[in-house]
Amino acid sequence: MRINKDLTPKTIGINAETPQDCKSLEDVRQAIDTIDRQMIHLLALRLGYVLRAARFKPSEQSIPAPERVKAMLIDRQQWSEKENLDPDFIVPLFSHIIQW
């Protein structure tokens, strides 16, 4: 799986190209709000795929997939470490998102 390198601050509507380019608190807030809006959009898209996946399961009892969740959380831990994010924050966050 690859990361979309075309997704840049400019392509999602952030005025400052990097956090260091912010010249005011308003620039910082605009960037944070834009990122949060994109994250919510992506969560909605993700939910659509989750709901679609349920249609491929043979029964309601088979929807929970503990081994898949375990593997997913390991991946998210590794991805967070690559991005220099605290896995102690990211893994519980995704654990919550996965259960949604």
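**Ground rules.** I number residues from 1 along each chain as its sequence is written. Local features in this predicted model need pLDDT of at least 70, side-chain atom pairs count only at pLDDT 80 or more, totals for chains, interfaces and linings use all residues, and side-chain values use heavy atoms, with hydrogens and water left out.

**Entry 1: the largest pocket.** A pocket here is an open set of points, on a 1 Å grid over the protein atoms alone, where a 1.4 Å probe fits, with protein on both sides within 12 Å along at least five of seven lines; lining residues have an atom within 4 Å of a point.

I then checked its lining, which has 31 residues, with Ile-3, Leu-7, Met-39, Leu-42 and Phe-94 nearest the centre. Helix 1 (25–54), helix 2 (66–82) and helix 3 (87–99) each give two or more residues; helices are DSSP runs of H or I, at least four residues, numbered from the N terminus. Helix 1 gives the most, 8 residues. By class I noted 20 nonpolar, 4 polar and 7 charged residues (Ala, Val, Leu, Ile, Met, Phe, Trp, Tyr, Cys and Pro are nonpolar; Asp, Glu, Lys and Arg charged; the others, Gly among them, polar).

**Entry 2: the second largest pocket.** I found about 510 Å³ of space here. Its lining has 18 residues, and Val-50, Ile-63, Val-69, Met-72 and Ile-98 lie nearest the centre. Helix 1 supplies the largest share of this lining, 6 residues, while helix 2 and helix 3 each supply at least two. I noted 13 nonpolar, 1 polar and 4 charged residues in this lining.

Note on methods: Grid points are joined across faces, edges and corners, and a volume is the space filled by probe spheres set on the points.
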